[in-house]
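Subject: Structure for your files

Dear colleague,

Here is the structure I said I would pass on. My notes come after it.

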2 protein chains.
Amino acid sequence: MKIAVDAMGTDYGPRTVVEGAVLAVQSLGIEIVLVGDERSISRLLKAMRFKSPKLSIVHAGEVVSMKDAPAESLKKRGSSIAVAAQLVAHKEAAALVSAGNTGATVAATLTRWRKLPGIHRPAIATLLPTKKQPVVLLDVGANVDCKPIHLYQFALMGSVYVRHVLGRNNPRVGLLNIGSEEGKGDDLTLQTYPLLKSSSLNFAGNVEGRDILSGQFDVVVCDGFVGNALLKFGEGAAELILSSLKGELSKNVVTYLCAMAVKPAFKRFMKTVDYTEYGGAPLLGVNGVCIIGHGSSNPRAIMNAIRAAREAIEHHLNDHILERLAEPTPTFLEAST
Amino acid sequence: MKIAVDAMGTDYGPRTVVEGAVLAVQSLGIEIVLVGDERSISRLLKAMRFKSPKLSIVHAGEVVSMKDAPAESLKKRGSSIAVAAQLVAHKEAAALVSAGNTGATVAATLTRWRKLPGIHRPAIATLLPTKKQPVVLLDVGANVDCKPIHLYQFALMGSVYVRHVLGRNNPRVGLLNIGSEEGKGDDLTLQTYPLLKSSSLNFAGNVEGRDILSGQFDVVVCDGFVGNALLKFGEGAAELILSSLKGELSKNVVTYLCAMAVKPAFKRFMKTVDYTEYGGAPLLGVNGVCIIGHGSSNPRAIMNAIRAAREAIEHHLNDHILERLAEPTPTFLEAST
C-alpha cells in the first residue's frame, strides 16, 4: 500500500510535508509517493540525508495556490494535487493526503474519482477533542446550501467512520441545531430531524453548539457553511484565550516564573486540544481515500494525516459506507432528494 | 427613566435578578421596576434589607419557563415577561431587561411593541471580546432562514449601535463567510455581498470565523442559525479549554501552588472574556429598547444588562436607526425583499 502525498500543500511550502512524509516512513513504516516539484523535494531529502526505498517522488510541474478557486485549480492539470489524485485513480497509490487548497482537493478527487455510488455530496469530517473521546463533526466546508438528504448521508458516513475506523460501537449521532428540543431549527434542520429519527442510525436528537464538545455525541452533522464558520470561530476563540492568558502571565516576574513551572502541564493540555494529534480531516463520500490536512500543518500533523489515510484504507472505510448505503432506508427519503 | 426588569428570568430563579437590580440602583442610580411574583421578590428584598424609592415591584402571576416555545409563551398573558413588555408599551417603563427565555422575549416585544417601521426582522446583537475592542455579532438567534435584505438591515442596525451607543466612528462591517475572497459563500452570502458593497455602510468584505475576534471588525453579520451555533460553540470551547487547563494544573503540588500564584492574572484575563462585563445582548429592530441577558447571568451581569438598557435609551438608539433607514438605499434592495 502506497500513499500519495501532495508535497506542495501547506502554507509553508514543501519542507513541512517532506519532513512529515519522512517521519511517516521512519515511525510508521508507510510507503509514500511525494508528488510535486522533483528538484525541490530531492534537495530537501538530500539536506535531511534521508533515503529509503519506501519513499519515491513523482514530478508535478504546477502548483495550486491557496487562493485558486476550485474551477481555476482544475485547469492546472499538471499540479501536484491533480497528479496525486491521478495516481490514486490509476491504482498506483491507495490514498491521497493533501494539506493544500481544500476546494481544489475536493474538486480534483470529485473529477478524477467521482463520488461513491449513491452518495449525493461528499463531506469533510473533522475530529474535535471533547471532555471524553473526540467527536466527528461534518460537513465543515465541502458543501453549502445542503438539503436534508445530504445531512442524512453525512450522518451515515460519519457513523461508519466512527464505527469502523475509530472502533466505537453504535455511534451516537447529533443534529446541530439552535435548541435541543424537537421542533426547533431552521428549514433544513426541521426537515432533517424526522429523517434521522426514522433511520437506523443511533440518532440522539438535536445538539446545541455548546454541547458539541461535551463528549455526549460521536458524530454531529451540519451544513458545510455552518460547520466551517463554527470550526474557524473555535480556532479563533482558542487562540484569543491562550494569547490573552500568556499576556497576563508575562506581566510580572512571579507570575512569569510560575508560568514557566506550569509549562509542562500546559503543554500536556495543548496536546489534548491540538489538531495535529488527530491528523487530517477525511473527505467522505468520494470514490477513494482522501485526507485533507490543515494548511498550517507541522510535520507531525502531516504524519498523522498519513496515518489516518492508512487507517481508512485498512478498515475498508468506503466498502462499509457502501454496505450501509445498501441497507433499506426510509422510503420518504426519496422525496427529499 | 424607569427600566422594567423581568425578575423571573435566568436559570437560577429570581434571587440573581433581584440582586442585580439592587446593584444597579445602588451603583448606577437607575430607577427599576421588578416584574414577577411579588411575594418572592419582597421576601428577597427584605432578606437583603434593601429599600429604596428607586426600586418598585409590579406583580405578575405567571412564569415563562426556559422550555416554553414562543407560541406557548404568548398564551401566558400574565407572565413576568408579558407584563414587563406591557409596561414599556404603556410608557410606564423606558426599556425591558430579561435574562429569561429568549424566544419568549422576542415574541413578547414583537407582539406588544411591533417592529421599527421599515425593519423586516429584528436581530439579537451580542458583544464579543477581541484582541482590541469588542465586536458586535448579529444575528445570534432571533431569526433563521434569513434573506439578503435581513442581513443588510442587521449590518445597518449594528453599525448604528456601534456608532451611537459604543461611540466609534465609521464602524467596519464584515459579512461572515467561509472564505475571505469575494465570490465565496452560500446562496445567502453571495447575494448579500453586493448589497453591502453598494450600500453607504463601511463594508470591509467577508470575514471568516477565525477572524471575528481579530479586532479588525466592529460589526459582523450572519444568519441567526449560524450566529447562535457559533456563539454557543465558542462558549463550549472556552469552557473545555479552561477546565482541561485547570485539571492539568491540579495534578501535582508544585503546579497547583503556581496555579494559585497566577490566579489573579488568570482572573484579570477571565474578565476580558467574561460576558458578564458586557451586559446583555440588545434586541435590535423592535419598537422599544430590550436587552436580553444570558440565562446563566450573575447579579453583576444583570446590572450590566440594565446599564446597557440605559445607554441605549440615553443615546436614542432607535431614533438613529430610523434616521439611517430613511437614507436613500440602493434601489435594487427592493428586488431582494
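Predicted model: local features only at pLDDT ≥ 70, side-chain atom pairs only at ≥ 80, totals over all residues.

Aromatic pairs. Searching the whole structure turned up two of them over all chains. In one, the ring centres of A:Tyr193 and A:Phe203 are 5.1 Å apart and the planes stand at 80°; an angle over 60 counts as edge-to-face, so this pair is edge-to-face. A:Tyr193 belongs to helix H7 (residues 187-197) of chain A and A:Phe203 to strand S8 (residues 202-207) of chain A, so the pair ties together parts 10 residues apart in sequence. Both A:Tyr193 and A:Phe203 are buried. B:Tyr193 and B:Phe203 also form an edge-to-face pair, with centres 5.1 Å apart and planes at 80°. B:Tyr193 counts as buried at 11% relative accessibility, and B:Phe203 is buried at 16%.

Helix H11 of chain A. This helix (residues 299-314) has 16 residues and spans 23 Å from first C-alpha to last, close to the expected 22 Å. Its buried residues include A:Pro299, A:Ile302, A:Met303, A:Ile306 and A:Ile313. Just after H11(A), A:His316 has a positive phi of about 50°.

Helix packing in chain B. The axes of H4 (residues 80-89) of chain B and H5 (residues 102-113) of chain B come within 9 Å and cross at roughly 35°. The crossing of H4(B) and H5(B) is right-handed. Among the residues that meet there are B:Ile81, B:Ala85 and B:Val88 in H4(B), and B:Ala104, B:Ala108 and B:Trp113 in H5(B). The residues of this contact divide into eight nonpolar, two polar and one charged.

Regards

Definitions and conventions
Residues numbered from 1 in each chain as written. Chains lettered and ligands numbered in written order. Heavy atoms only, no water. Axes fitted to C-alpha atoms, helices over the stretch in contact; angles between N-to-C directions. Helix = DSSP H or I, 4+ residues; strand = E, 2+ residues; numbered from the N terminus. Left-handed = near helix turned anticlockwise from the far one by under 90°. Contact = heavy atoms within 4.5 Å. Nonpolar A, V, L, I, M, F, W, Y, C, P; charged D, E, K, R; others polar. Expected span 1.5 Å × (residues − 1). Buried < 20%, exposed > 50% of the residue type's maximum accessible area, 1.4 Å probe, protein only. Phe/Tyr/Trp six-rings, centres within 6.5 Å; stacked < 30°, edge-to-face > 60°.
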